[in-house]
Amino acid sequence: MTKTELLNKLNKENIPTNIVNFDDPIKDGLCLRKVYYRWEVFYRERGQEYNGIGFTSESEALQYMYEKLLSLYKK
């Protein structure tokens with residue numbers, strides 16, 4: 001999965017895309033960043049980072065983000 005594909009899937013599910021953060025090191029929400037050899041997904045709120053999880057590929061991390069948001073918004 002790519003970033004564009006993730007955003008398109010979120011739009012189709014009517015999940016707000018503004019809670020996903022790819023590049024802004026300050027913005028709150030569900031974040032994705034590359035750290036050396038792995039990708040990290042974590043939640044940032046008021047400058048604090050929570051529930052970080054690492055992945056070996058960007059595609060895996062984006063798939064996790066999609067599934068996480070889907071489970072939160074489609075209960």
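Student: Why is Asn-51 called exposed?

Tutor: This is a predicted model, so the value is computed from its coordinates. Asn-51 has a relative accessibility of 68%. Exposed means over 50%. Asn-51 therefore counts as exposed.

Student: Where is Asn-51 found?

Tutor: Asn-51 is in strand E4. Its phi is near 55 degrees, a positive value in a residue other than glycine.

Student: What makes a positive phi worth a remark?

Tutor: Most residues other than glycine have a negative phi.

Student: What makes Arg-46 exposed?

Tutor: Its relative accessibility is 75%. The cut-off is over 50%, so Arg-46 counts as exposed. Arg-46 also has a positive phi, about 50 degrees, although it is not a glycine. It is found in the loop between E3 and E4. Those two strands form a hairpin, with two residues between them.

Student: How do you know that E3 and E4 pair?

Tutor: Pairing needs at least two bridges. Six bridges join E3 to E4, and the two strands run antiparallel. They therefore count as paired. One of the facing pairs is Trp-39 with Phe-55 in E4.

Student: What makes E1 and E2 a pair?

Tutor: They have two bridges, and at least two are required. So E1 and E2 pair, in the parallel sense. Asn-21 stands opposite Cys-31 in E2.

Student: In what sense do E2 and E3 pair?

Tutor: In the antiparallel sense, over seven bridges. Gly-29 has Arg-44 in E3 as its bridge partner. E2 and E3 form a hairpin with two residues between them. Tyr-36 in that turn has a positive phi of about 55 degrees.

Student: Why are H1 and H2 called roughly parallel?

Tutor: They pack at an angle of about 10 degrees. The label applies under 35 degrees. H1 and H2 are therefore roughly parallel to each other. Their axes are 10 Å apart.

Student: Which residues of H1 meet H2?

Tutor: Lys-3, Leu-6, Lys-9 and Leu-10. Their partners in H2 include Leu-62, Met-65 and Leu-69. The residues of this contact divide into six nonpolar, one polar and three charged.

Student: How many residues are in the largest nonpolar core?

Tutor: It has 16 residues. Among those with the most contacts inside it are Leu-6, Leu-10, Val-20 and Val-41. The largest share, five residues, comes from H2.

Student: What is Leu-10 in contact with, leaving aside neighbours within four places in sequence?

Tutor: Leu-10 is in contact with Ile-15, Thr-17, Val-20, Tyr-66 and Leu-69.

Note on methods:
Residues numbered from 1 in each chain as written. Predicted model: local features only at pLDDT ≥ 70, side-chain atom pairs only at ≥ 80, totals over all residues. Heavy atoms only, no water. Helix = DSSP H or I, 4+ residues; strand = E, 2+ residues; numbered from the N terminus. Core = buried A, V, L, I, M, F, W, Y, C linked by side-chain atoms within 4.5 Å. Buried < 20%, exposed > 50% of the residue type's maximum accessible area, 1.4 Å probe, protein only. Contact = heavy atoms within 4.5 Å. Axes fitted to C-alpha atoms, helices over the stretch in contact; angles between N-to-C directions. Parallel < 35°, antiparallel > 145°, perpendicular 65-115°, else oblique. Nonpolar A, V, L, I, M, F, W, Y, C, P; charged D, E, K, R; others polar.
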